[in-house]
Amino acid sequence: MEDWTLLIAFFGANLAVAVTGAVFLPGEWYESLEKPPWTPPNWLFGPAWALLYALIAYAGYRFTLDAQPGQLALPLTLYGLQLVFNGAWSVLFFGMKRMDLALIDAVLMFVAIAATMVAFYPVSPLAAVLLTPYLLWVGFATALNYSIVRRNTPAKGVA
């Protein structure tokens with residue numbers, strides 16, 4: 001049976017996280033950075049994240065519907081943790097212009113997503129699979145973040 005209140009709650013939580021991406025925009029600073037040739041065009045990020053947030057929300061909803069009350073705590077804690085890391089990334093990278101801290105956050109987000117998938121799978125394989133595009137995108141974004149850090153950080157000890 002569908003629970004529209006629960007579905008709206010998951011979409012609302014993801015929307016709240018998505019707001020950080022709308023508040024902390026790339027801007028001139030990002031445009032001035034040296035980026036690898038495989039950097040996606042800026043217009044792609046909005047639609048990609050809209051689809052990913054929908055999948056993330058539905059995965060959380062699907063897991064919660066499929067789980068018994070005693071199965072919720074750890075998986076939903078991991079789910080919430082990956083959302084926290086997700087929301088922090090834009091603040092760190094675009095807001096604070098701390099590419100290095102954003103890279104650490106991206107790695108932690110990747111691990112949290114993978115852990116969420118592992119925790120979801122025994123209860124709801126569908127919910128775990130729905131997070132696969134998100135994990136792949138964050139893996140790609142982490143590699144991109146790393147490449148941007150490497151290209152834009154002066155070498156230490158070089159005069």
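This is a predicted model: local features need pLDDT of at least 70, side-chain atom pairs count only at pLDDT 80 or more; totals for chains, interfaces and linings use all residues.

By class, the lining of the largest pocket holds 21 nonpolar residues, eight polar residues and no charged ones, where Ala, Val, Leu, Ile, Met, Phe, Trp, Tyr, Cys and Pro count as nonpolar, Asp, Glu, Lys and Arg as charged, and the others, Gly among them, as polar. Residues are numbered from 1 along each chain as its sequence is written, and side-chain values use heavy atoms, with hydrogens and water left out.

What do we mean by a pocket here? On a 1 Å grid over the protein atoms alone, a pocket is an open set of points where a 1.4 Å probe fits, with protein on both sides within 12 Å along at least five of seven lines, whereas a cavity is a set of such points from which the probe cannot get out; lining residues have an atom within 4 Å of a point. Rolling a probe the size of a water molecule over the atoms shows where empty space is left.

The largest pocket has a volume of about 640 Å³, a volume being the space filled by probe spheres set on the points, which are joined across faces, edges and corners. Its lining is made of 29 residues, and those that lie nearest the centre are Phe 45, Trp 49, Trp 89, Ser 90 and Phe 94.

Which helix supplies the largest share of this lining? That is H7, with seven residues, but H1 (4-23), H3 (42-66), H4 (73-95), H5 (99-120) and H7 (132-152) each give at least two residues to the lining. Helices (H or I, at least four residues) and strands (E, at least two) are DSSP runs, numbered from the N terminus.

Stepping back to the whole chain, the secondary structure comes to seven helices and zero strands. The C-alpha atoms fill a box of roughly 65 × 30 × 25 Å, taken along the principal axes, and of the 159 residues, 39% count as buried. Buried means under 20% relative accessible area, exposed means over 50%, and partly exposed is in between, with a 1.4 Å probe and protein chains only.

Let me turn now to the loop between H4 and H5. Lys 97 lies in that loop and has a positive phi of about 60 degrees although it is not a glycine; at 42% relative accessibility, Lys 97 counts as partly exposed. Met 96 is also placed in the loop between H4 and H5, and with a relative accessible area of 49% Met 96 is partly exposed.

Together with Leu 101, Ile 104 and Leu 108, Met 96 makes a nonpolar surface patch of about 350 Å². Patches are made of residues with over 30% relative accessible area and no salt bridge, like charges being joined within 9 Å and nonpolar side chains (Val, Leu, Ile, Met, Phe, Trp, Tyr) within 5 Å, and accessible areas come from the Shrake-Rupley method with a 1.4 Å probe, where for residues only the protein chains shown count as cover.

How many salt bridges are there? The count comes to three, a salt bridge being a side-chain nitrogen of Lys or Arg within 4 Å of a carboxyl oxygen of Asp or Glu. In one of them Glu 34 pairs with Arg 151, the closest N and O atoms being 3.5 Å apart. This pair links distant parts of the chain, since Glu 34 is in the loop between helix H2 (27-32) and H3, while Arg 151 is in helix H7, 117 residues apart.

Arg 62 and Asp 66 form another, with closest N and O atoms 3.0 Å apart; because they are four residues apart in helix H3, they are separated by about one helical turn. Arg 62 is buried at 17% relative accessible area, whereas Asp 66, at 32%, counts as partly exposed. Finally, the side chains of Asp 100 and Arg 98 meet in a salt bridge at 2.7 Å, N to O.
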